[in-house]
Amino acid sequence: MSGAGPERARRATRENPATQSLAEALGALGRIIELGDGLGLGEELDEAREIVARAGARASLAPGRTVIALAGATGSGKSSLLNALAGAPIARTAVTRPTTTRPLALLPGGRAAGRADGEASALLDWLGVDDRVVAPLAGAVPADAIILDLPDVDSDAPEHRLIAERMAAQVDALVWVLDPEKYADAVLHKDFIAPMAAHAEVTLVVLNQADRLDAASREQVSADLRRLLAREGMTGAAPILASARTGEGIDALRGALERIAQARTASALRLRADARRAATRLSERVGGGGAGAPIDGRRLAEAAFRAAGAEVVASAVRAATIHRGALSVGWPPVRWVRRFRADPLAALHLRGASPSRSSRAGEGLRPIDAVARTSLPEPSPVAVGLLRTEAHRLAADASAHLPGTARDAVLQRMDERAEAIGRELDAAVARADLGMRAPRWWSAASALQWLALAVAIAGGLWLVALWGMRDLLLIVVEPPRWGLVPWPVVFLAGGLASGALLGGIGVAAVRAGAGRRAARARRRLRQATDAVVDSRLIEPLRAERERWDELGAMASGLSQHER
């Protein structure tokens, strides 16, 4: 049965709405950190990381205990108030100078004191509190509470102030102890109370030394203090008037502390408020996740097409088509002349062969080192500048709704990607299927050309044979005739004439088709360069903006309930 109590406490903690709300807030904060890391955020995420780490550590350290700190300025009477709560002079006090230089922990007395070493020691070690005192009277401190007396937040000693600031950021609940003289101190309110307004659910305000005020002054000071707290976001906060000297308000303060401790929600409420405040600060830097302008990459794609030298390649396709066509369908006796001319595509290291299926435009991109580079001339500075300008403009339009930090990051990464895309575009041009396969009619036309040449050669050989027989052998042989024309002459003249005519017609047809082939190659090159622009520039920009928008939306959503 000894474990029934702690188990019930753990079950109550799991089922507590505040704990569930904290889990949701920490889950959202974890996603924010994940998105921010992917977007290259650094110190902007430090606060969120610290809160997640602190929440994990706090959940494992005495989850049933509530750490409540007394914080205030010099002379507010924190130590005297702690003594009044304990019912004994456990903290050193003074009138004219601060005496609390290190945090002091007041632990509950009675049966709860036996738990001090077991549950509280590790928690106080984590908090960095070495000075610990057990209340001499049972009930002086709520059984599930640990009360800390912090150094003065306005101490002249920087190390004391740093301790107070660190502890105020780590404890579960805060009790601001004010005095009639400095309750409206501007530094105290601006630097400490106002920034903690989001933690109003776990904050108490005590106006100590109330015995120094008469009835009229009490009403006036209380009203003025409530006005200041409301202005700082702590609407509804009702200051507890107390006096450590006369004991006034001590029971009311003890009761408020006991309610906070028994609820066992202070730690979750405090961490949830910290998470929301961190989200608010991050939201101010990255925006609220509003929808940006549509990403229209047509101008960028056109600039990339030109920077890739695709127009040069399209012109080379036309010239290469004419060159290769003339070699196939031109008059054979003069084809050899064209063989001395360089193939326009070969000069660019572009043969126009059909690539593998996986490397076609729009079907994935292989690493750029897996393909040959072209020998295209370097793009002109104007073309390169236009590509980078269009990339920057597109990123600027897409991120116009983001705040400065996010927009600058988007623009910087887009500029870097645009700077490096040249080799990608060149590789895409080298991979592109330019459609340079020879048409079937080229083979037929070439066969007819060779047939015409063979007929002409046959006619010529026939005439030579007739000449030799007549002049050398003195044998006259009359060849058959077509009308008045001998067939050998018909073969020779007809073969030569028909071959020349077919060659002329073939070359003319090749030239006519070269323009269409160049237009088709231009479309395929455009598809290839568009695929690079989409995969290397537009898609990363769209994904990055979506992450920024999701980050902003999550930060805004988490922070909207801060106050």
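Ala 62 lies in the loop between H3 and E1. Helices (H or I, at least four residues) and strands (E, at least two) are DSSP runs, numbered from the N terminus. The model is predicted, so local features need pLDDT of at least 70 and side-chain atom pairs count only at pLDDT 80 or more, while totals for chains, interfaces and linings use all residues. Residues are numbered from 1 along each chain as its sequence is written, and side-chain values use heavy atoms, with hydrogens and water left out.

Most residues other than glycine have a negative phi. Ala 62 is not a glycine, yet its phi is positive, at about 45°. With a relative accessibility of 9%, Ala 62 counts as buried. Buried means under 20% relative accessible area, exposed over 50%, and partly exposed in between (1.4 Å probe, protein chains only). Arg 264 also has a positive phi, of about 55°. Arg 264 is placed in the loop between H9 and H10. This residue is partly exposed, its relative accessible area being 28%.

Strand E1 covers residues 66–72. Seven of its seven residues are buried, so E1 is largely enclosed by the rest of the structure. In a regular strand the side chains alternate between the two faces of the sheet. From E1, Thr 66, Ile 68, Leu 70 and Gly 72 point one way. Val 67, Ala 69 and Ala 71 point the other way.

E1 has parallel pairing with strand E4 (residues 145–149), over five bridges. Two strands pair if DSSP finds at least two bridges between them. Ile 68 has Ile 147 as its bridge partner in E4. Pairing of E1 with strand E5 (residues 173–178) is likewise parallel, again over five bridges. In E5, Ala 173 is the bridge partner of Ile 68, and Trp 176 stands opposite Ala 71.

These strands belong to an open sheet of seven strands. Its order is E3-E2-E4-E1-E5-E6-E7, and the pairing is mixed. Strand E3 (131–134) and strand E7 (240–241) are the edge strands, each pairing on one side only. Helix H8 (residues 215–231) packs on the sheet and touches E5, strand E6 (203–207) and E7. The direction of H8 makes about 155° with that of E6. Axes are lines fitted to C-alpha atoms, for helices over the stretch in contact, and angles run from 0 to 180 degrees between N-to-C directions. Helix H9 (residues 250–263) packs on the sheet as well, touching E1, E4, E5, E6 and E7. The direction of H9 makes about 175° with that of E6.

The largest nonpolar core has 64 residues. Such a core is a set of buried Ala, Val, Leu, Ile, Met, Phe, Trp, Tyr and Cys residues joined through side-chain atoms within 4.5 Å. Leu 434, Trp 548 and Leu 551 have the most contacts inside this core. Several helices each supply at least two of its residues, among them helix H2 (17–38), helix H10 (266–286), helix H16 (404–431) and helix H18 (487–559). H18 gives the most, with twelve residues. Another core, of 37 residues, lies apart from the largest one. It includes Ala 197, Val 205, Leu 213 and Leu 229.

Leaving aside neighbours within four places in sequence, Trp 548 is in contact (heavy atoms within 4.5 Å) with Leu 39, Leu 41, Val 286, Leu 402, Ala 406, Ala 409, Val 410 and Arg 413.

Five aromatic pairs are present in the structure. Rings of Phe, Tyr and Trp (its six-membered ring) pair if their centres lie within 6.5 Å; planes under 30 degrees apart count as stacked, over 60 as edge-to-face and the rest as tilted. The ring centres of Trp 462 and Phe 491 are 5.9 Å apart and the planes stand at 65°, so this pair is edge-to-face. Trp 462 lies in helix H17 (residues 440–471) and Phe 491 in helix H18, so the pair ties together parts that are 29 residues apart in sequence. Trp 462 is partly exposed at 29% relative accessible area, and Phe 491 is partly exposed at 28%. Trp 462, Trp 482, Trp 487 and Phe 491 form one aromatic cluster.

Val 476 is found in the loop between H17 and strand E8 (481–482). It is exposed, with a relative accessible area of 61%.
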